[in-house]
Amino acid sequence: MCGIVGYIGKRSVAPILLEGLSKLEYRGYDSAGIAVYNGSEIQVEKAKGRLAVLSEKTNGGQSVNGTVGIGHTRWATHGEPSDVNAHPHLSQSGRFAVVHNGIIENYIALKKRLESKGFEFISETDTEVIAHLFEYYYKGDIMEAVTKVINRVEGSYALGVLCVDYPDQFIAVRKASPLIVGIGEDENFIASDVTAILKYTRNIYYLEDDEIVVLKRDGVEIYNMDLEEVQKEVFTVNWDVSAAEKGGYEHFMMKEIEEQPKALRDTISPRINNGKVVLDDISLTTQDIKNIRKIYIVACGSAYHVGVVGKYVIEKMCRIPVEVQVASEFRYCDPIVGSKDLVIVISQSGETADTLAGLKEAKNHGARILSIVNVVGSAIANASDDVIYTWAGPEIAVATTKAYSTQLAVMYLIALYMADKLGMVTSGEYARYVKDIEALPDMVAKILENKDELQYLASKFYNCKSIFFIGRNLDYAVSLEGSLKLKEISYIHSEAYAAGELKHGTISLIEEGTLVIALATGSELFDKTVSNVKEVKARGAVVMGVTTENQDDMDTVADYVVKVPQINETLLPSLTVIPLQLFGYYVASLKGCDIDKPRNLAKSVTVE
């Protein structure tokens with residue numbers, strides 16, 4: 001959600017800003033802009049729509065001269081998408097230019113105060129308040145102005161700030177919104193995501209909340225709110241730049257679907273040693289695990305769906321009660337959570353605003369936090385007691401695939417690790433679990449070999465108005481994710497239902513020709529799901545069944561059947577989700593949708 005890039009060095013800045021912003025398009029945006037100090041003033045160029053509009057307007061950046069500047073892609077929160085509401089925003093005199101990710105919660109009160117002081121606003125945004133605040137508080141010392149502004153605004157922000165009085169530097173600040181610093185030779189950068197600057201440097205600083213950065217050509221200075229200099233450890237990005245490129249694929253989403261075997265292998269292999277799950281990442285002792293009263297899983301979107309799987313798996317294997325909550329609800333429900341509870345927090349970016357807020361709420365109640373994230377040094381990782389990283393690599397497509405799959409794998413590892421410590425599995429069961437977890441990458445690769453089957457099925461149903469997913473237990477959990485994948489990239493209305501709930505009202509939605517995708521992989525509940533398939537068939541539905549290779553009965557009741565390899569049933573979600581990802585992708589492709597950047601969505605949701 002929104003993207004920031006900033007640069008100071010010896011090169012022409014505008015083309016670098018545009019290129020960096022192009023690497024952040026996956027985050028979701030509706031307008032873009034740049035601000036460059038051209039030697040006498042700050043020149044601002046911005047445009048509603050795709051980045052290509054801004055690039056054409058500035059001749060690829062060639063018509064904007066200067067070597068220091070900031071850029072932004074905006075996802076509208078305050079005010080409709082427009083040229084005026086696009087960032088950067090100038091202060092009234094033009095002395096300051098500001099780009100901002102996040103939400104200023106008290107902007108209305110600040111705006112009224114500034115208007116009483118004679119400031120005039122031209123946009124509908126909360127960000128323009130920040131630009132005018134800088135001018136209001138500026139008395140010649142920019143660092144003094146920065147601290148005063150930060151002390152007045154409430155909410156979340158990552159800021160990039162230019163000032164004409166300081167032509168050889170610019171300022172950046174972070175609070176609850178991702179921002180990194182890139183370290184180069186005679187040039188330095190800021191960005192919302194490392195992908196924006198990876199072409200130029202692999203050496204970065206991860207910023208903490210309330211840290212202020214002064215970027216100059218020959219160095220970077222980082223301060224806390226007391227303006228005391230902070231020493232940071234340089235982190236070197238070790239993945240290849242090609243991991244963030246399409247590599248010949250039409251869409252990042254398909255590339256990332258195909259990368260799942262490798263991502264799973266990278267996540268699982270380092271954590272299994274000599275047939276044992278080894279979680280060196282965490283400090284949970286056997287006694288800590290035995291003392292757990294309850295586990296909460298807190299997440300949003302697809303990560304929440306991982307949590308639903310996790311509930312079934314952990315409760316089955318460990319016999320510890322698990323409650324899964326959407327993060328945006330958890331923080332406001334006055335949760336009954338305390339020091340004897342473990343809270344597992346899941347987030348691909350590690351910056352999801354609602355999830356981070358839920359984490360803080362749990363910590364305030366004394367709970368222990370174990371996070372599952374993909375981004376090293378992210379806010380959620382830094383705020384957790386323990387963190388397990390998914391080694392999924394960069395995920396560019398808004399609709400997650402490999403991040404979801406690697407989060408699932410980590411959930412299995414956690415469940416088996418705790419079950420072993422609790423003595424809930426025999427040595428033989430443990431060995432079989434480990435063997436099957438290690439087999440997941442190859443099994444996923446096998447399913448991907450048959451993706452033409454899903455392309456064919458998509459060709460038959462891409463004109464559907466509504467598609468329903470049903471399943472029981474783990475199959476229901478995967479149905480939630482399959483439905484989300486389809487709706488977010490194809491814009492087809494889709495819902496997932498626990499199959500046993502059909503008769504309690506939702507079966508009224510089934511009419512002649514309605515597609516129902518029925519997941520039936522668990523042997524214990526297979527016959528019950530088949531009965532539900534017969535119920536929807538009797539009301540005119542067309543059924544696509546998803547089951548395992550050893551189940552033949554689905555062939556007799558479903559119109560189409562997709563089969564996945566047989567494995568320990570607890571691990572089947574890792575396999576059944578793959579055909580659902582492929583089906584959603586091919587439906588969206590046939591409809592001509594913008595698959596990697598679906599409308600109204602953002603990759604990293606850093607505002608409420």
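A: Leu227 counts as partly exposed because its relative accessibility is 35%; buried would be under 20% relative accessible area and exposed over 50%, with partly exposed in between (1.4 Å probe, protein chains only). Its backbone stands out too: Leu227 is not a glycine, yet its phi is positive, about 60°. The residue sits in the loop between β13 (219-223) and β14 (235-236), where strands (E, at least two residues) and helices (H or I, at least four) are DSSP runs numbered from the N terminus.

A word on the ground rules: this is a predicted model, in which local features need pLDDT of at least 70 and side-chain atom pairs count only at pLDDT 80 or more, while totals for chains, interfaces and linings use all residues. Residues are numbered from 1 along each chain as its sequence is written, and side-chain values use heavy atoms, leaving out hydrogens and water.

Asp334 is another non-glycine with a positive phi, about 50°. Asp334 lies in the loop between α10 (327-330) and β19 (341-347), and it is exposed, at a relative accessible area of 60%. A further backbone detail is the cis peptide bond from His87 to Pro88, with omega near 0°; Pro88 belongs to the loop between β4 (68-74) and β5 (89-90).

Now to the helices. In α14 (residues 427-448), a kink of about 40° lies at Leu440, shortly before Pro441; the bend is the angle between axes fitted to the seven residues ending at a residue and the seven starting there. Both Leu440 and Pro441 are among the buried residues of α14.

These two residues also take part in packing. The axes of α7 (residues 260-268) and α14 come within 8 Å and cross at roughly 175°, the axes being lines fitted to C-alpha atoms over the stretch in contact, with angles from 0 to 180 degrees between N-to-C directions. The two helices are therefore roughly antiparallel, a label for angles over 145 degrees. Contact (heavy atoms within 4.5 Å) involves Gln260, Pro261, Leu264, Arg265 and Ile268 of α7, and residues of α14 including Leu440, Pro441 and Val444.

Elsewhere, α13 (residues 402-421) and α19 (residues 573-590) pack at about 170°, their axes 10 Å apart, which makes them roughly antiparallel as well. Tyr404, Ser405, Leu408 and Tyr412 of α13 meet Pro573, Ser574, Val577, Ile578 and Gln581 of α19. In α19, 16 of its 18 residues are buried, and Gly592, with a positive phi near 75°, follows the helix.

Conventions. Angles under 35 degrees count as roughly parallel, over 145 as roughly antiparallel, 65 to 115 as roughly perpendicular and the rest as oblique.
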